[in-house]
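Look at the structure below before reading on. The paragraphs after it go through one part at a time.

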Amino acid sequence: MSDALSQPMASDAGQGGDDQGSMPLLQLESIIKRFGGLAAVDNLSFSLHKGEILGVIGPNGAGKSTMVDLVGGATTPTSGTIFYQGHNITRLSPHQRTHLGIARTFQIAQPFKGLDVRENVMVGALFGQQRLSRAQALRAADEVLERVNLAHKATFKGDQLTIADRKRLEIARALATEPQLLLLDEVMAGLTPVEVAQAVELIRQLNKMGVTVLVIEHIVSAIASVSNRVLVLHHGRKIAEDEPAQVLSDPRVIEAYLGERYARHRTQQSASGLPIAKDDQQLSGGES
Amino acid sequence: MATGTKTQTSPTTQAPPPKPKEGRGWLWSLLLGLLILGLVATVPFVGNAADLHNWTLIIMFAVLAQSWNFIGGFAGYSAFGNVVFFGIGAYTTGLILLANLPFWLGLIAGALVAGLFALLLGLPVLRLRGHYFAIATLGIAEAMREFVTVRDVGGGGGGLISLPLPSLDSYVLFFYAFLGLSLLCLLITVFLTRSRFGYALVAIRESEQAAEALGIPTYWHKVGVFVLSAVPAALAGGLYAYWATGFDPDTVFNVGISVEMVLLTFLGGAGTILGPLIGAIVFEYTSFQFQASGFTLHNTLLGLSIVIVTIFLPQGILRLIQEFARQPAPGERRANPFVEGVRRVRRFIAANGV
């Protein structure tokens, strides 16, 4: 487990960190998205480097899914700029972004119900970055299904799948477009602990194959175990961005998540010498 | 031990193979479609003049339903005004005939004008989704009828009534022209189920958001299929113009025809290869049988069919047959469409507190 975790981090710090520091894979600059009077995303800036796994956490309504919509192109920001590989993609449509190598999943899985699982994935290969022919796309679909462990259900229709398999299908379809950047919007929500562990392992494998991942999740322990860096959103604002252990012990984060009283309680505990991130680390270790 | 495993693996455990075979359903559908059209092609030899007349109209409605299936069945966009293309085809062809130009030129011109109209109409209208799109298209058909009536296009208020009459021989010719058009639509439909373009349309129908995220330029695919569904309808309109030797705006821009396109497609099975053809033959033939026996029940049947299809057959006749032909999994009970329908109504009543 520690190998899998340390490998992408090492490569990131080794080659990725320096020469790509000037040109991140993805960069958001003071992005604001308003729905009427509400700023769902409020002056958000961050960058994501090639080979990283960036986790994004935050309570309900923090603006996480809006952020995925903004990067994926489903909505355009009220103001601010999004750069991908140095290009301004702020106004590009979702399919154009897919062709540039950005793929996403949906929080509520949206399988093509009339098609079987294999065809679902094939659509991604047909229209993704490579625009494969039908025969090639079918082959690519089989490979991807193998990779996400869904090959045994290739002939199932999209609506005959369990929640966990629907989430796997979401990932498989996105992968079939051959992305460089994968946006995962709560792919672990509603899964059993075993399935969460499988999902974490899958994300690590994908990352090892060179896919940069932005993963949004409620399950803090899973995020902490899989991410190189964690970004915390609250009311659309970034309140923390650091390595998982640091972020999880940040009093502001604890307060946003668990409320003021609990935060005070915890700070007192840590003052009395109890390490805070310990439970979370144990949790994550136990899962994988 | 070795023999034991051998007998075990042979039929049951090897049933789901690691690499699933590709379905050959489209091939059977194509062959069955060719068989149906082949049988219909014998009508001029075995039937009388009335049969020929009826079957010409049946196949015309089949063409209209087949063309509606492209946008409504595959892309899932309920266009409620596709009769407008039928009317445009009829009027363009009619006007060109009146100008003493050849008929084939009129047909081609009608198809081009309707295609262009679909393009220009689709550009704004296909930005709308769901009910908004349906209502917008419905409005266009009505607006076009009013326009043609008020502007008195073709003269005489009653539409184009002074077309040169074809001889009786060409009734057979027109029948085969409609049949050829239906065959063309069948081939296009088969192409749609197999092609990149068709997969894009189905993806749009199932989830436009996901389709877009997987790299499909959804907007242009929708505009494309709208044009594709306009052209056969316009060709049918052109053929109808000459065949009927006169028509008026109320006939060729009749919203009822739009409704019929939708119904026939859903009756047979929307988004399937054979659905619209089967729906058209079943419904229109029944309607003509009633007509022959003295009751003109067309609109009654139309209304009744809409109710029946909505409640009991939302998937259409084809899927019903497929469901009954399918070997049910062990322990699985076959869904009874009647029971399902009653359940659907009950659920509706429960939800709406009637």
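Two strands pair if DSSP finds at least two bridges between them. Helices (H or I, at least four residues) and strands (E, at least two) are DSSP runs, numbered from the N terminus. This is a predicted model, in which local features need pLDDT of at least 70 and side-chain atom pairs count only at pLDDT 80 or more, while totals for chains, interfaces and linings use all residues. Residues are numbered from 1 along each chain as its sequence is written, and chains are lettered from A and ligands numbered from 1 in the order in which they are written.

Chain A contains twelve helices and ten strands. Of its 288 residues, 47% are buried; a residue counts as buried if 20 or more other C-beta atoms, placed from the backbone, lie within 10 Å of its own C-beta.

Start with strand β3 of chain A, residues 53–57. Five of its five residues are buried, so the strand is largely enclosed by the rest of the structure. On one side the buried residues are A:I53, A:G55 and A:I57, and on the other A:L54 and A:V56. What does β3(A) pair with? Strand β8 of chain A (residues 212–216) runs parallel to β3(A) and is joined to it by four bridges; in β8(A), A:L214 is the bridge partner of A:L54. Strand β9 of chain A (residues 229–234) also runs parallel to β3(A), again with four bridges, and in β9(A) the residue opposite A:V56 is A:L231.

Chain A also has an open sheet of four strands, in the order β2-β1-β4-β5 with antiparallel pairing. Its edge strands, β2 (38–48) and β5 (87–88), each pair on one side only. Strand β4 (residues 79–84) is joined to β5(A) by two bridges, and A:Y84 stands opposite A:H87. Helix α2 of chain A (residues 64–72) packs on this sheet, touching β1 (26–35), β2 and β4, and its direction makes about 60 degrees with that of β2(A). Such angles run from 0 to 180 degrees between N-to-C directions, and axes are lines fitted to C-alpha atoms, for helices over the stretch in contact.

Next comes the contact between the chains. Two residues are in contact if their C-beta atoms, placed from the backbone, lie within 7 Å. Chain A brings 25 residues to it and chain B 18 residues. On the side of chain A, α3 (94–100), α4 (117–127) and α5 (134–147) each supply at least two residues, and α4(A) gives the most, with five residues.

In chain B, helix α9 (residues 196–206) packs against helix α11 (residues 218–244) at an angle of about 110 degrees, with the axes 10 Å apart. That makes α9(B) roughly perpendicular to α11(B), a term for angles of 65 to 115 degrees. B:A200, B:L201 and B:I204 of α9(B) meet B:T218, B:H221, B:K222 and B:V225 of α11(B).

Finally, the largest nonpolar core has 172 residues, and A:A141, A:A172 and B:L64 are among those with the most contacts inside it. A nonpolar core is a set of buried Ala, Val, Leu, Ile, Met, Phe, Trp, Tyr and Cys residues joined through C-beta atoms within 7 Å. Helix α11(B) gives the most to this core, with 15 residues. Leaving out residues up to four places away in sequence, A:A172 touches A:V121, A:V144, A:L145, A:V148 and A:L150.

Key: Buried ≥ 20, exposed ≤ 12 C-beta atoms within 10 Å, placed from the backbone. Parallel < 35°, antiparallel > 145°, perpendicular 65-115°, else oblique.
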